Amino acid sequence: MSKFDIAPAAGRLIQTAFITKDIHASMREMTRTMGVGPWFLRERGVFPRQIYRGQPSSTALAIAMGYAGDMQFEIIQQLDDSPSVYREVAERSGYGLHHFGVAADDYDAAIAHYGSEGYTLAYEAEVAHGARVGYFDTHGALPAMIEVIEFRPATRAMFDGFRDAARGWDGQDPVRIRAPI
């Protein structure tokens with residue numbers, strides 16, 4: 001395995017994610033400066049099952065995803081004051097880079113892999129299409145958390161659709177509203 005290969009259990013890097021206090025301003029600026037877009041925005045939602053640091057949670061979020069080339073960018077704005085991985089990072093280091101997303105065909109193996117690396121599973125949720133995500137606290141080791149994304153066929157199709165919309169995008173209709181979470 002070359003040093004640039006990712007162990008199959010770890011998943012493959014597909015996303016760079018940021019937290020913000022104003023998702024609309026962040027989308028505009030990332031489009032203006034880096035050409036990311038179009039954005040697919042869920043303006044408000046609460047994932048049906050969330051566990052934050054071992055406790056049930058019900059954090060409300062706005063989430064936008066867009067592409068520049070093959071890299072997916074995600075912007076997250078927390079819409080309430082509940083304890084969360086988003087709030088804890090914002091309080092510790094401010095708004096900005098939050099996590100790197102890795103797509104895992106075998107979610108359980110990827111969760112086990114990052115746990116065996118010594119990282120703490122800080123948050124898990126059920127997201128779109130029943131897929132699971134797990135965030136690992138990498139504070140002190142990496143500049144951001146790692147999010148394991150269960151890459152089900154519906155998840156892959158959704159992300160492929162976002163990426164395909166970005167290819168040859170003419171700048172029109174830069175924000176496309178999606179159904180709530």
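Tutor: Two strands count as paired if DSSP finds at least two bridges between them. The model discussed here is predicted.

Student: How many strands does the open sheet have, and in which order do they stand?

Tutor: The protein chain has four helices and 11 strands. The sheet is open, its pairing is mixed, and it has 11 strands in the order β4-β3-β8-β9-β10-β7-β1-β6-β5-β2-β11.

Student: At about what angle to β9 does helix α3 run?

Tutor: Helix α3 (residues 107-116) packs on the sheet, where it touches β7 (96-104), β8 (120-126), β9 (132-137) and β10 (145-150). Between the directions of α3 and β9 the angle is about 5°.

Student: Across which strands does helix α4 lie, and at about what angle to β5 does it run?

Tutor: Helix α4 (residues 153-166) lies across β1 (12-19), β2, β5, β6 (71-78), β10 and β11. Its angle to β5 is about 55°.

Student: How much space lies in the largest pocket, and which element gives the most to its lining?

Tutor: The largest pocket holds about 350 Å³ of space. Of its 25 lining residues, F47, I63, M65, V127 and A128 are the closest to the centre. Two or more lining residues come from each of β2, β5, β6, β9, β10 and α4. The element that gives the most, with four residues, is α4.

Student: What lines the second largest pocket, and how much space lies in it?

Tutor: This pocket is lined by 11 residues, with L13, V102, Y114, L142 and I146 nearest its centre. At least two lining residues come from each of β1, β7 and α3. Eight residues of the lining are nonpolar, two polar and one charged. The space in the second largest pocket is about 200 Å³.

Student: What radius of gyration does the protein chain have?

Tutor: The C-alpha trace spans about 45 × 40 × 30 Å along its principal axes. A compact globule of 181 residues would have a radius of gyration near 16 Å, and the chain agrees, with 16 Å.

Key. Residues numbered from 1 in each chain as written. Predicted model: local features only at pLDDT ≥ 70, side-chain atom pairs only at ≥ 80, totals over all residues. Heavy atoms only, no water. Contact = heavy atoms within 4.5 Å. Axes fitted to C-alpha atoms, helices over the stretch in contact; angles between N-to-C directions. 1 Å grid on protein atoms, 1.4 Å probe; cavity = no way out; pocket = protein on both sides within 12 Å on 5 of 7 lines; lining within 4 Å. Points joined across faces, edges and corners; volume = space filled by probe spheres on them. Nonpolar A, V, L, I, M, F, W, Y, C, P; charged D, E, K, R; others polar. Rg over C-alpha atoms; globule rule 2.2 N^0.38 Å.
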